[in-house]
Amino acid sequence: MESLLEQLDEERAATPALVPVLLPVALDQTYDYRQPEADAAAGLRPGAFVLVPFGPQRRIGVVWDQAVGEGKPVAPSRLKAIDSVLDVPPLPEISLRFAEWIARYTLAPLGMVVRMMMSAQSVFEPASPRFGVRYVAEAADPPRMTPARQRVLDVASDSLIRVKSALAQEAGCSTGVVDGLVASGNLVEVAIPERRPARLEADHRANVFTDDQQRAVETLRSAVDAKTFSVSLLDGVTGSGKTEVYFEAVARALAQGQQALIMLPEIALTSQFMSRFAERFGGAPVEWHSALSPLDRARAWRWVAEGQARVVVGARSALFLPYPDLGLVIVDEEHDQGYKQDDRVHYQARDMAVVRGSLGAFPVVLASATPSIESHVNASTGRYRHVVLPGRYSGAELPEITGIDLRAEQPDKGRWLAPPLVSAVEETLAKGQQSLLFLNRRGYAPLTLCRACGHRIECPQCTAWLVEHRFRNRLHCHHCGFSLPVPEKCAKCGEEGGLVACGPGVERVAEEVAERFPAARLALLSSDLIPGLVEMRQVIKGIENGEADIIIGTQIVAKGHHFPDLSLVGVVDGDLGLAQGADPRAGERTFQLLHQVTGRAGRAYAGGRGMVQTYNPDHPVMQAIISGDRESFLAQEIRVRQRGLLPPFGRLAALVISARDKTLAENAAREIARAAPYSEKIQVLGPAEAPLAIIRGRHRWRLLVKASRELDIQSYIRAWMEAVPPIKGDLRLSIDIDPYSFL
Ligand code: ADP
Ligand code: ZN
């Protein structure tokens, strides 16, 4: 054996042309390939995308700069050759290092991390040049002129290049008419020139800042100038001008010729943000989010890789784009849960942004009105710079918040708004201002039950009730997407007409509002009711322009919007979200959400009000919201975390074991737990059946690993997993370092 290996090593050394290639699959290793034929080897270098034979298939992989993992040694004579190098910009070296870092930290296979970096399918497909048609001014009239032809020529006479179908649509005719005019020589087919991102100017518009803002601007600018790693927590109340302030840091990076990334929680990629950006920089940023078309994705990916994209505004996955020259990352609303990805590679994008800054030696700015406990602790220990904006730019006071004790002030039966909130909405309407009613629950009612037998309608595949969506007249599972039409009779006892809706969702609140205030104009904002991003932006724009009197919405209204006429925010169910026993962040999250949503009130002028309906007015979260005393709430939360060795004072990892068969999942979970190596600094809790015990028909068991801060929890888990029998068949194990979901 020994000698065989030695022999292989010698052969290897004698064959310098081996190329390690990483494939975007769930594997933690590179495979060696031979160099392609000389004429196909142009562009071969670390980071290059190559086509390689892999089993019976051809796959796209990335050339790595060193071998990763321990593959079985293969005799060089049996190695296959790389087919070709793709005409795609290579991943910069720093992307390779970043991918390795994430894989090591999250325990995800390196191949899966690299796959995230390739999430623009069309980049790797041969681009078909796109053609359009242009008007030929000097051509004679077509031999046969029809009204349709005339309309096409009228539209086209501006000499812009249009795709045939777009031209036909604009002229209100079929593409056949356009083809006819090409045949007659009145239109000519031309290749559509590649689009380029807008030109941005660092000093397009100069702002005048308040003293506090100016200090913050200076701090962030000097962080960019320093060209070294640092993290600043930009901590300012809603409306304090955080966006304007961090734009100056972006301007500085632009002026220095570096790329900048602004990360936003997905839904906040609003038209409002985009137009503010354009006003400041004289052009639009490059956008990156899940609603992009494949073509736009590919384009954005290339623009980033080629350095044409100077500023990217994107959701969490924008962090994995191939920036050759990144010099600044801003994470706006850094506390937002949307930064945690919970499938395949479990990562927290805010934390990974900090890692990227440290690898790339540049500053990272975390902005929020309600920073996460983690960032708060880092700021108070001096690990992060704490940049504070204490007041609203407009000078308006923060809204006055009151609690409505639902035990004393009960809504009428079958209604959800208590009398004080109803009166407040009336007063606001009378003043011609907007009210917002917030309920973080989509649909009409969270539970449907049979009055006759008490049967509750559950999802057949999940441990969850089906939620009625009345507009669509269906019951939906919010976990797996299962749905069925609202039944006429109970499936259990057969009683007809006895099914009743229990509890409110936003649709039900909208129904109550329509009955109570028939003259008011309503806007209902819920992701499932609005088909896409474009429509969502339109609805939000309408609200900004005062086209609604009462807005009813889920958490999408809580984020980043600036509604100038909004003066009252009513929280329909302040307690929602508190009752999540095992989740150490439930209190923090509820505080953030309620603070953000009530903070929408009265941003432009004085007299904003927030009202929170609650059955627990004495709960520390309610007390903190009502008193506005953020600091003492934070101090208390931090004490609780410290005592319980919870993040950021200790470290957590969650293991979820699942299978279609309950016993199989349970036994495997027990076996895995038994294999856990003993360590004084580690506690393994469980296995316990997950609170969401079944999802999509899979039974789920959880283990929670608690470790002290200084312990390398990854090494511990890696060693543990080596002692665990292989996970095979229908079993699945997912490992989530720093979990945010405890369901
Ligand atoms: P935040 O991000 O902290 O919620 P914004 O940056 O959105 O605050 O600012 C709130 C409002 O105040 C916005 O309409 C913004 O344009 C305006 N604003 C803030 N600072 C300035 C400034 N220095 N000059 C002009 N307008 C400002
Ligand atoms: Zn389901």
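A polar contact here is a pair of N or O atoms within 3.5 Å. I start with that cut-off because the ligand contacts rest on it. Keep in mind that this is a predicted model.

Ligand 1, then. An oxygen atom of the ligand sits 2.7 Å from an N or O atom in the side chain of Thr-243. Another polar pair involves Glu-244, where a polar side-chain atom is 3.0 Å from an oxygen atom of ligand 1. With Val-208 the backbone takes part: one of its polar backbone atoms is 2.8 Å from a nitrogen atom of the ligand. On its own, ligand 1 has 550 Å² of accessible area, and the protein covers 80% of that.

What surrounds the ligand? There are 15 residues around it, and Val-208, Gly-239, Lys-242, Thr-243 and Arg-276 come nearest. By class, four of the shell residues are nonpolar, seven polar and four charged. Which element gives the most to this shell? Helix H8, residues 242-255, with three residues.

Cys-490 is in no disulfide either, with the sulfur of Cys-453, the nearest, 3.7 Å away. Cys-490 also counts as buried, at 3% relative accessibility.

Key:
Residues are numbered from 1 along each chain as its sequence is written. Chains are lettered from A and ligands numbered from 1 in the order in which they are written. This is a predicted model: local features need pLDDT of at least 70, side-chain atom pairs count only at pLDDT 80 or more; totals for chains, interfaces and linings use all residues. Side-chain values use heavy atoms; hydrogens and water are left out. A residue is near a molecule or strand if one of its heavy atoms lies within 4 Å of it. A polar contact is a pair of N or O atoms within 3.5 Å; within protein, one must be able to donate a hydrogen and the other to accept it, and residues adjacent in sequence count only if both atoms are side-chain atoms. Accessible areas come from the Shrake-Rupley method with a 1.4 Å probe; for residues, only the protein chains shown count as cover. Helices (H or I, at least four residues) and strands (E, at least two) are DSSP runs, numbered from the N terminus. Ala, Val, Leu, Ile, Met, Phe, Trp, Tyr, Cys and Pro count as nonpolar, Asp, Glu, Lys and Arg as charged, and the others, Gly among them, as polar. A disulfide is a pair of cysteine sulfur atoms within 2.5 Å. Buried means under 20% relative accessible area, exposed over 50%, partly exposed in between (1.4 Å probe, protein chains only).
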